[in-house]
Amino acid sequence: MAEHNTAGDAGELEGLISSPLSRRGFVMTSLMSGLTLATTRVEAQVIHTDTTGIEAGEVKIPAADGPMPAYRAVPQGAGPFPIVLVVEEIFGVHDYIKDICRRLAKAGYCAVAPELYARQGDLSTMTDPKVIIRDVISKTPDAQWIGDLDATAAWASTAAKGDAHRLAVMGWCRGGRDVWLYAAHRRDLKAAVAWYGPVGGERTEIQPRTAGDVAAEINAPLLALYGGADQGIPVASVEEARDRAKAAGKSVELVVYPDAPHGFHADYRPSYRREAAEDGWTRALAFLKAHDVG
C-alpha cells in the first residue's frame, strides 16, 4: 500500500494536540466481527490464537466524547502486566488485530487495540481501500487518535491490570506510521515497534507531520520492520528516517526483509510471508523485553 496523506500546509503536531478538537459522535459503537471485507482474504492460512490462560474480549474505553470500542487481551492473574497499545491497519479492529492482541497476551502482555476510526466511518461495511483512505483515514486528525491512545493507556493501567510504567506501542501499515508519531509524542514510552508504516507522504492541516518528520524526536527505542519488495514504501525513505533519528541521538533498529511485500505479517492476506512474519514477531518480542517491557 502506497504512502498516503492528502495535500495541505505543514504544521506542528504538538500544537495540534494541545488545541481543542471538534469532537463527533461514534459511528462504530462496537467492533466488527470476522475479517475485513476491504481486501482479498486467504482463510486457509489465518492464525487462530485461543484464550487458554488469558482473558480476552471487547471492551469500552472512556474517551472525551463517549465510550470507545476496543479489544483487550491480558494474561490471567493479578498483574500488573506490561502494556502494549496495538494500532490497527486501515481496516479496523477486525479478527486479525484481535488475534494479535491474544498473541501478545499469551506472551505476558496487556494488549489493547482501540478502534481509532470509530468516529469517522463504519469500517465493518466498507469494501474499497481507496474509499477508506479518502473518507476515513484522511479525515481522522492525528490529535484525535493520539488522544485516544493516551486514554487507552490510562484505562489499561487502571482497569485492565496494566502497568503504566511499562508501556509500549506496536502498529501495522498505517498503524506503523502512527507508531513513529506516538513515539515522538509520548515521553514515558519504553519501546515502539513499527511494521511497514509509511514514513513519508503529503501533509494536511489535521495530519501536519509525517513519520519521517518526527524521526529525530522519538522518545523511545523503535524497531522498524519493513519489506524490501514493498511497492509503496521505498526502503531508502525508511533508511533516511532511521539516519535522521540516529543523528539526533535516538535509537532506531531497522530490519528489512528483501523479498517481503507490504503486509507481510497479515496472515489473512495473499501478501503474508510466513518466514518474515515469524522472524519479525520473534524480534518484536525480544525488543520489548530488551527495553524493559516484559
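Threonine 36 touches Arg41, Phe91, His94 and Tyr268, leaving aside residues up to four places away in sequence; a contact here means heavy atoms within 4.5 Å. The model is predicted, so local features need pLDDT of at least 70 and side-chain atom pairs count only at pLDDT 80 or more, while totals for chains, interfaces and linings use all residues. Residues are numbered from 1 along each chain as its sequence is written, and side-chain values use heavy atoms, with hydrogens and water left out.

Threonine 36 sits in the loop between helix 1 (13–18) and strand 1 (54–63). Its relative accessibility is 1%, so threonine 36 counts as buried. Buried means under 20% relative accessible area, exposed over 50%, and partly exposed in between, using a 1.4 Å probe and protein chains only. In the protein chain, 56% of the 294 residues are buried.

The chain has 7 helices and 8 strands. These are DSSP runs numbered from the N terminus, with helices (H or I) of at least four residues and strands (E) of at least two. Among contacts between residues at least 6 apart in sequence, 79% join residues at least 24 apart. Along its principal axes, the C-alpha trace spans about 45 × 40 × 40 Å.

The largest nonpolar core has 101 residues, and Trp180 is one of those with the most contacts inside it. Such a core is a set of buried Ala, Val, Leu, Ile, Met, Phe, Trp, Tyr and Cys residues joined through side-chain atoms within 4.5 Å. Not counting residues up to four places away in sequence, the contacts of tryptophan 180 include Ala194, Val199, Ile218, Leu222, Tyr226 and Arg242. Leu222 and Tyr226 are also listed among the core residues with the most contacts.

Some backbone details remain. Most residues other than glycine have a negative phi, and most peptide bonds are trans. The peptide bond from glycine 79 to proline 80 is cis, with omega near 0°, and proline 80 lies in the loop between strand 2 (66–75) and strand 3 (81–87). Lysine 161 has a positive phi, near 65°, and is found in the loop between helix 4 (142–159) and strand 5 (162–172). With 22% relative accessibility, lysine 161 counts as partly exposed. Tyrosine 196, also not a glycine, has a positive phi of about 40°. Its loop runs between strand 6 (191–195) and strand 7 (222–227), and tyrosine 196 is buried, with a relative accessible area of 0%.
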